[in-house]
Amino acid sequence: MARGKKQKLKLFYLYKIMHEETDQTHYLTMTQIIEKLGSYGVEADRKSLYDDIETLEVFGIQIKKKRVGAYTYYYAANRPFELAEMKFLVDAVQASKFISEKETKVLITKLLDLVSMNDAKMLERDVHVPGRIKNMDESVYHTVDVLFRAMSEDRQLRFHYFQWNIKAEREMRRNGDYYLVSPWALHYDDEKYYLVGYDHKHKEIRHYRVDKMLDPEVVDAKRKGVTKYRKKDQEKYTQQHFRMFGGELQTVTLLCEIDMANVIVDQFGRDIQMIPVDEEHFTVDVEVAVSSQFFGWLVGIGGGVKIAGPEDVKMRMREEIEMIQGNSTRYLH
């Protein structure tokens, strides 16, 4: 590239240098900035750089000065994400089972481009993707893209749905027939992505594992089921459906020991009303999908939470426990 054309790109090179090589703990002197611009074939002097930095400031890129002894240093101060925020995002991508190992590496690389090289090196030391349980199929990206397009265009969706057999092979559900669904939301629960939509065959709101959907297509017909979808409190949806398993929604009264308040808030949110019974117990009414997963959650947290009502749910809990006790050899070999 001719030197004159490179001079026209001076502002861009200046931004690149400040973005990549400086942050709140790493700075450059004006002399160092001039030298780094020179490595790109761009000539610069102090006066013009002062004007360029002011231009970047006007554009919204904050370049701050720091005086240390006899030297003045410059660094880029405002970034889209703080280091701690970026750490959360990188960890979330690493932990997501629905993202393949290859796409995980691509996504993390893109995220690290948003921080300085020094911060990126710090974050890279904590990136350990190989060996994690990851989705084997990279088509999930395409599936999510189709889902978003269907929702944004207010259109129906069709797809094939599968389950794994003991040979780790796909087996199509509904004998390989397409599922016809009006998509309304995407939920993330237990490290998995779920589509929440109106199932046209059963005429009810259901959810589907995104990584088990194949051949998704947008159908040129307006979505249905908006009334049923609106009746559901979406903020409570994942709280009610333990690990997104289905079941009849019922209001269940739980009798809890006082130190179980943290567990209840973690599962059902801060808006839940906990009513003191005595100095050691409280009750709480929760609307949940009554299922084996709900009973399993109760067993898993120990005896600090018990079902106080209704009677039919208490009876189902007894039956679940008796079935496990009577068939304990099922779980041992």
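In this predicted model, three strands make up an open sheet in the order β1-β3-β2, and their pairing is antiparallel. As in any sheet, the strands pair through backbone hydrogen bonds. The edges are taken by β1 (28–29) and β2 (63–68); each has a single partner strand, so one side of each is left without a neighbour in the sheet. The antiparallel pairing of β1 with strand β3 (residues 71–76) runs over two bridges, and T29 finds its bridge partner in β3 at Y73. Helix α2 (residues 10–21) packs on this sheet and touches β1, β2 and β3. The direction of α2 makes about 90° with that of β3.

Y73 also brings us to the aromatic side chains. Across the whole structure, a search finds 14 aromatic pairs. One of them joins Y71 and Y73, with ring centres 6.4 Å apart and 50° between the planes. Y71 is exposed because its relative accessible area of 53% lies over the 50% cut-off. Y71 and Y73 also belong to one aromatic cluster together with Y27 and Y75.

A further pair is formed by Y179 and Y208, here in an edge-to-face arrangement, at 5.9 Å centre to centre and 85° between the planes. This pair links distant parts of the chain: Y179 lies in strand β6 (residues 179–189) and Y208 in strand β8 (residues 204–209), 29 residues apart. Y179 and Y208 are both buried.

Charged side chains also meet aromatic rings in this model. The ring of Y179 has R174 over its face, at 3.7 Å from the ring centre. Y179 therefore takes part both in the pair with Y208 and in this arrangement with R174. Elsewhere, R170 places its charged end over the ring of F162, 4.9 Å from the ring centre.

Turning to helix packing, helix α5 (residues 83–95) and helix α6 (residues 101–112) have axes that come within 9 Å and cross at roughly 170°. That angle makes α5 roughly antiparallel to α6, because angles over 145 degrees are counted in this class. On the α5 side, the contact is made by M86, L89, V90, V93 and Q94. The residues of α6 that take part are T104, L107, I108, L111 and L112.

Note on methods
Residues numbered from 1 in each chain as written. Predicted model: local features only at pLDDT ≥ 70, side-chain atom pairs only at ≥ 80, totals over all residues. Heavy atoms only, no water. Phe/Tyr/Trp six-rings, centres within 6.5 Å; stacked < 30°, edge-to-face > 60°. Buried < 20%, exposed > 50% of the residue type's maximum accessible area, 1.4 Å probe, protein only. Helix = DSSP H or I, 4+ residues; strand = E, 2+ residues; numbered from the N terminus. Lys NZ or Arg CZ within 6 Å of the ring centre and 35° of its normal. Pairing = 2+ DSSP bridges. Contact = heavy atoms within 4.5 Å. Axes fitted to C-alpha atoms, helices over the stretch in contact; angles between N-to-C directions. Parallel < 35°, antiparallel > 145°, perpendicular 65-115°, else oblique.
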